Amino acid sequence: SIGIIVSIFGCLNGKVLSFPRVIFAMAEKKQLPFSRWISHVHPAFHTPWIAVIVQMIFAVILMIISNPEKLSEVSIFMIYIFYVMAFFAVFILRRRTNGQGRSYSVPLYPYLPVAAILGSLFVLVSTLITDFYSCLWSILIGLIGLPVYFWMKKRNKNGSAA
């Protein structure tokens, strides 16, 4: 039980520190509505404090309107979709930078990325089999962000401020 608690809090710590930085990075690239405000950095602590608040607001709203256990299932499925894309990106990046010096190389390439892809696909397929409707919700929630992304991309291309 203690090991599980330590693992959960370690994972939670990583998520609390990293997820707002994704929002911050998207705001810096003007890929979100209200990017001008979301991309602010705290003057004393040098942290993306508004992005942290935005992340907290979304988390609280989702926990109020849904079951946290179901939210966990939905998010894990979607995270594994992104893991698979990231593992495939290793092959794409290796091909693009063929022969160029790299600051980092994946150990045991190509075996380790292939094993990661197969393991992640196993998780995705088994989740699809056991909890199909949660998977549909995951995909739907992920797809909801696409119109916002393309709208912001078009808006920035036309020279409008975000």
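The secondary structure of this protein, which is a predicted model, comes to six helices and zero strands, where helices (H or I, at least four residues) and strands (E, at least two) are DSSP runs numbered from the N terminus. From the N terminus on, the order of elements is α-α-α-α-α-α, and the C-alpha atoms fill a box of roughly 45 × 45 × 35 Å along the principal axes.

A word on conventions before the details. Residues are numbered from 1 along each chain as its sequence is written, and side-chain values use heavy atoms, with hydrogens and water left out. Local features need pLDDT of at least 70 and side-chain atom pairs count only at pLDDT 80 or more, whereas totals for chains, interfaces and linings use all residues.

Of the 162 residues, 15% count as buried, buried being under 20% relative accessible area with a 1.4 Å probe and protein chains only, as against over 50% for exposed and in between for partly exposed. Among contacts, meaning heavy atoms within 4.5 Å, that have a separation of 6 or more, 58% are between residues 24 or more positions apart.

Let me turn to helix 1, which has 27 residues and reaches 39 Å from its first C-alpha to its last, close to the 39 Å expected at 1.5 Å a residue; the expected span is 1.5 Å times one less than the number of residues. Its buried residues are Pro20, Ile23, Phe24 and Ala27, and what covers them includes helix 2 and helix 3. Just after helix 1, Lys30 takes a positive phi of about 60°.

Which residues make up the largest nonpolar core? The eight are Ile23, Phe24, Ala27, Leu32, Ile38, Ile50, Ala51 and Val54, a nonpolar core being a set of buried Ala, Val, Leu, Ile, Met, Phe, Trp, Tyr and Cys residues joined through side-chain atoms within 4.5 Å. Helix 1 and helix 3 are the elements that give two or more residues to this core. Ala51, one of its members, touches Pro20, Ile23, Phe24 and Ile38, not counting residues up to four places away in sequence.

Next, helix 5, residues 111-130, which holds Pro113 and also Ser120. Pro113 is buried, with a relative accessible area of 5%, and, leaving aside neighbours within four places in sequence, is in contact with Phe87, Val90, Phe91, Val106 and Leu108. Ser120 likewise counts as buried, at 4% relative accessibility, and, with neighbours within four places again set aside, is in contact with Tyr80, Tyr83, Val84 and Phe87.

Finally, the largest pocket, in which about 2,400 Å³ of space lies. A pocket here is an open set of points on a 1 Å grid over the protein atoms alone, with protein on both sides within 12 Å along at least five of seven lines, and lining residues have an atom within 4 Å of a point. Of the 46 lining residues, Phe19, Gln55, Phe58, Leu62 and Ser75 are the closest to the pocket's centre. Which element gives the largest share of the lining? Helix 3 does, with 11 residues. By class, the lining has 38 nonpolar, seven polar and one charged residues, where Ala, Val, Leu, Ile, Met, Phe, Trp, Tyr, Cys and Pro count as nonpolar, Asp, Glu, Lys and Arg as charged, and the others, Gly among them, as polar.

Key. On a 1 Å grid over the protein atoms alone, a cavity is a set of points where a 1.4 Å probe fits but cannot get out, and a pocket is an open set with protein on both sides within 12 Å along at least five of seven lines; lining residues have an atom within 4 Å of a point. Grid points are joined across faces, edges and corners, and a volume is the space filled by probe spheres set on the points.
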